[in-house]
Structure formats: structure tokens, C-alpha cells
Amino acid sequence: MKTVSYMVPVVMLLLSFLYNNNPFVVKEEAQEAFQLLNTIRSNPEKYYKELSLNSKLRITKTPLRWNDTLARVAEIKALDMAKRNYFDHVNPEGYGINFFINQSGYKLNADWLKDKKENYFESIGAGHDSGEAAIKALIIDAEDASKGHRDHLLGIGDFDATLLDVGIGFVKCDGGKYPSYTCIVIAKHNW
């Protein structure tokens, strides 16, 4: 009986390490990712080979503007994924980024809020060494399903080209499923 009473705290301590992965926001990585993204958008020709970009893509050259509200939303989303050990555009309660953007005070068009799972404005990555590596991976990984990430980040297409405000959250963690989580939110206000 005594061994059981000693084992319970030991087991609880060990389990706490599985769920307490000490995630922390690295703002410098987010800013470096932001700078790289604008550099790629302004001079895509320089990155055709490195990022496997087709020269026929209509990449918008309009620079993105840093938005502190969207950055907070992106940081909170990246932290949530790290703390709760998931990687998805929809959180475990079933809410997508459109809901959280609107809740932050950054107003979106009502059509973009019809379904709580909606995501028109988010690209996410996990396991990258840096914010810049996350940007590059999301652009390169543009085959089939991830094509939307590339288009979102580079403003390809009529809708994505209109998005000008950006916020990026980059989170590192000591344990868990991935060593880092990146959330990039590019959106536009509905006035």
C-alpha cells in the first residue's frame, strides 16, 4: 500500500511533463517571417528556383502591413495548438480562425462568419526551425492541398490579392507533438 501512495505523485509528475510543454512566443521569428514574406512578394523572381515557383504565377507585389491585432490572434492560435498538442485549422471546440479574428475586434464580412469552422485567412505550419523556414515550407509545399497556403501567402488570385493586413505568431515548445507552431493570418477589414 505504501508503494502505491508513493507511485501516484511520481506518475502524476511524469504525466505533467507530457502536457506541460512550456510553449513560448518568439516575436523575433515572427518579424523575420514577415520581412521574408514581403521580400518574396516584392521580388518573386529571385525565389523561383528555391521555392519551386512557376514564373506564370500572378504573385501580388503589394506589400503586407503588420497588424498587431492579427498578430495577437496568430500568437494565441499558435500557443493554443502547442499547449493542447494539436495541429489543425479548427480548434478542438470546432472554431476556425475567422471566428477568433472577428472576436478580436478586427471586423470581417458577415459572409465569412456563417460557419464557426470557417478559415479564409490562416496558414499554419508546425515543426519548423524558424519563422522563415515555415514561410518557405508553406510556399514550397504547394502541391494539391497546400496550394491554398501558397496562394494565401503570396496574394495569388483575386481574393487573396486583396488581403493586406498580416499578423504572425511563432511559438516554440519543449515537448509535445512538434517543437514549434506557426500561424500566419492575412486578412482585410470589412468597414
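From the N terminus on, the protein's elements run α-β-α-β-α-α-β-α-α-β-β. That gives 6 helices and 5 strands, where helices (H or I, at least four residues) and strands (E, at least two) are DSSP runs numbered from the N terminus. The model is predicted: local features need pLDDT of at least 70, side-chain atom pairs count only at pLDDT 80 or more, and totals for chains, interfaces and linings use all residues. Residues are numbered from 1 along each chain as its sequence is written, and side-chain values use heavy atoms, with hydrogens and water left out.

**Confidence and overall build**

- Residues 1-17 have pLDDT below 50. Beyond near neighbours in sequence, this stretch makes 0 contacts in the model, a contact being heavy atoms within 4.5 Å.
- Of the 191 residues, 45% are buried. Buried means under 20% relative accessible area, exposed means over 50%, and partly exposed lies in between (1.4 Å probe, protein chains only).
- Take the contacts between residues at least 6 apart in sequence: 66% of these join residues at least 24 apart.

- His152 sits in helix H6 (residues 147-154).
- His152 counts as buried because its relative accessibility is 3%.
- A polar atom of the His152 side chain lies 3.3 Å from the backbone oxygen of Ile186.
- Leaving out residues up to four places away in sequence, His152 touches Arg41, Tyr120, Phe121, Glu122, Ser123, Asp160, Leu163, Ile184 and Ile186.

**Packing of H2 against H6**

- Two packed helices are described by the angle between their axes and the distance between the axes.
- The axes of H2 (residues 27-42) and H6 come within 10 Å and cross at roughly 85°. Axes are lines fitted to C-alpha atoms, for helices over the stretch in contact, with angles from 0 to 180 degrees between N-to-C directions.
- H2 is therefore roughly perpendicular to H6. The classes are: under 35 degrees roughly parallel, over 145 roughly antiparallel, 65 to 115 roughly perpendicular, and the rest oblique.
- H2 contributes Leu37, Ile40 and Arg41 to the contact, and H6 contributes His152, Leu153 and Leu154.
- These contact residues divide into 4 nonpolar, 1 polar and 1 charged. Ala, Val, Leu, Ile, Met, Phe, Trp, Tyr, Cys and Pro count as nonpolar, Asp, Glu, Lys and Arg as charged, and the others, Gly among them, as polar.

**Positive phi in loops**

- Most residues other than glycine have a negative phi.
- Ser52 has a positive phi, near 55°. Ser52 lies in the loop between H2 and strand S2 (65-66).
- Ser52 is exposed, with a relative accessible area of 57%.
- Asn85 also has a positive phi, near 60°. Asn85 lies in the loop between helix H3 (68-84) and helix H4 (97-103).
- Asn85 is partly exposed, with a relative accessible area of 33%.

**Lys114**

- Lys114 is in the loop between H4 and strand S3 (122-126).
- Lys114 counts as exposed because its relative accessibility is 68%.
- The side chains of Lys114 and Asp111 make a polar contact (3.5 Å). Such a contact is a pair of N or O atoms within 3.5 Å; within protein, one must be able to donate a hydrogen and the other to accept it, and residues adjacent in sequence count only if both atoms are side-chain atoms.
- Lys114 and Phe99 are 15 residues apart along the chain, and their C-alpha atoms are separated by 9.4 Å.

Note on methods: pLDDT = per-residue confidence, 0-100.
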